[in-house]
Amino acid sequence: MSVWYDKEAGLLEILFKKKIGYFRATKNEAIMERIAQNGNVIGFMIEEGLLKPKETVSMDLAEASHLK
């Protein structure tokens, strides 16, 4: 697992696995899923600038339960 935070850009990225992938939108516009080429979720990114004031950020990791 790796965590990367860019204070100036207001981005927090958490990767469960280091693999080539792409970002996909979620129900919350502030959260993007990182998807591997095989379709598995390998991480996510949160954009602080898109969060509403005092918003609690949540993501259903049960949908990503196929992580290995």
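User: Contact means heavy atoms within 4.5 Å. With that in mind, which residues does Glu47 touch, not counting residues up to four places away in sequence?

Analyst: This is a predicted model, so keep that in mind throughout. Glu47 touches Gly10, Leu11, Ala30 and Met32, with residues up to four places away in sequence left out.

User: Where is Glu47 placed?

Analyst: Glu47 sits in strand S5.

User: What does Glu47 count as, going by its relative accessibility?

Analyst: Glu47 counts as partly exposed, at 25% relative accessibility.

User: How far apart are the C-alpha atoms of Glu47 and Met32?

Analyst: They are separated by 8.4 Å. Along the chain, Glu47 and Met32 are 15 residues apart.

User: Now Met45. Which strand is that in?

Analyst: Met45 lies in strand S5.

User: Is Met45 buried or exposed?

Analyst: Met45 is buried. Its relative accessible area is 11%.

User: What is Met45 in contact with, leaving aside neighbours within four places in sequence?

Analyst: Met45 contacts Leu11, Leu12, Glu13, Phe23, Ala30, Ile31 and Met32, once neighbours within four places in sequence are left aside.

User: Met32 again. How far is it from Met45, C-alpha to C-alpha?

Analyst: The distance is 5.2 Å in space. In sequence, Met45 and Met32 are 13 residues apart.

User: Let's zoom out. How many helices and strands does the protein chain have?

Analyst: The chain has 0 helices and 5 strands. From the N terminus on, the elements run β-β-β-β-β.

User: In what order do the strands sit in the sheet?

Analyst: The order is S1-S2-S5-S4-S3. The 5 strands form an open sheet, and the pairing is antiparallel.

User: Which are the edge strands?

Analyst: Strand S1 (2-6) and S3 are the edge strands. Each pairs on one side only. Neighbouring strands of this sheet are turned by 20° against each other on average, direction ignored.

User: What holds paired strands together, in general?

Analyst: Strands of a sheet pair through backbone hydrogen bonds.

User: Take S1 and S2. How many bridges do they pair over?

Analyst: S1 and S2 pair over 5 bridges, in the antiparallel sense. Tyr5 has Leu12 in S2 as its bridge partner. Ser2 stands opposite Leu15 in S2.

User: What about the hairpin of S1 and S2: how many residues lie between the strands?

Analyst: There are 4 residues between the strands of that hairpin. There, Gly10 takes a positive phi near 70°.

User: How many residues of S2 are buried?

Analyst: In S2, 4 of the 5 residues are buried, so this strand is largely enclosed by the rest of the structure. S2 also pairs with S5, in the antiparallel sense over 5 bridges.

User: Which residue in S5 does Leu15 stand opposite?

Analyst: Leu15 stands opposite Gly43 in S5.

User: And how do S3 and S4 pair?

Analyst: S3 and strand S4 (residues 31-36) pair in the antiparallel sense over 5 bridges. Ala25 has Met32 in S4 as its bridge partner.

User: Switching to rings. How many aromatic pairs does a search of the whole structure find?

Analyst: The search finds 1 aromatic pair. Phe16 and Phe44 form it, and the pair is tilted. The centres are 6.1 Å apart, with 55° between the planes.

User: Why does that pair tie together separate parts of the sequence?

Analyst: Phe16 lies in the loop between strand S2 (11-15) and strand S3 (21-25), while Phe44 is in strand S5 (residues 41-47), so the pair ties together parts 28 residues apart in sequence.

User: Is Phe44 buried or exposed?

Analyst: Phe44 is buried, with a relative accessible area of 13%.

User: What lies over the face of Phe23?

Analyst: Arg34 does, at 5.0 Å from the ring centre.

User: Last one. How much of the protein chain counts as buried?

Analyst: Of its 68 residues, 28% count as buried. The chain exposes about 5,000 Å², and carbon and sulfur atoms supply 55% of that.

How values were computed. Residues are numbered from 1 along each chain as its sequence is written. This is a predicted model: local features need pLDDT of at least 70, side-chain atom pairs count only at pLDDT 80 or more; totals for chains, interfaces and linings use all residues. Side-chain values use heavy atoms; hydrogens and water are left out. Rings of Phe, Tyr and Trp (its six-membered ring) pair if their centres lie within 6.5 Å; planes under 30 degrees apart count as stacked, over 60 as edge-to-face and the rest as tilted. Helices (H or I, at least four residues) and strands (E, at least two) are DSSP runs, numbered from the N terminus. Buried means under 20% relative accessible area, exposed over 50%, partly exposed in between (1.4 Å probe, protein chains only). A charge sits over a ring if NZ of Lys or CZ of Arg is within 6 Å of the ring centre and within 35 degrees of the ring normal. Two strands pair if DSSP finds at least two bridges between them. Axes are lines fitted to C-alpha atoms, for helices over the stretch in contact, and angles run from 0 to 180 degrees between N-to-C directions. Accessible areas come from the Shrake-Rupley method with a 1.4 Å probe; for residues, only the protein chains shown count as cover.
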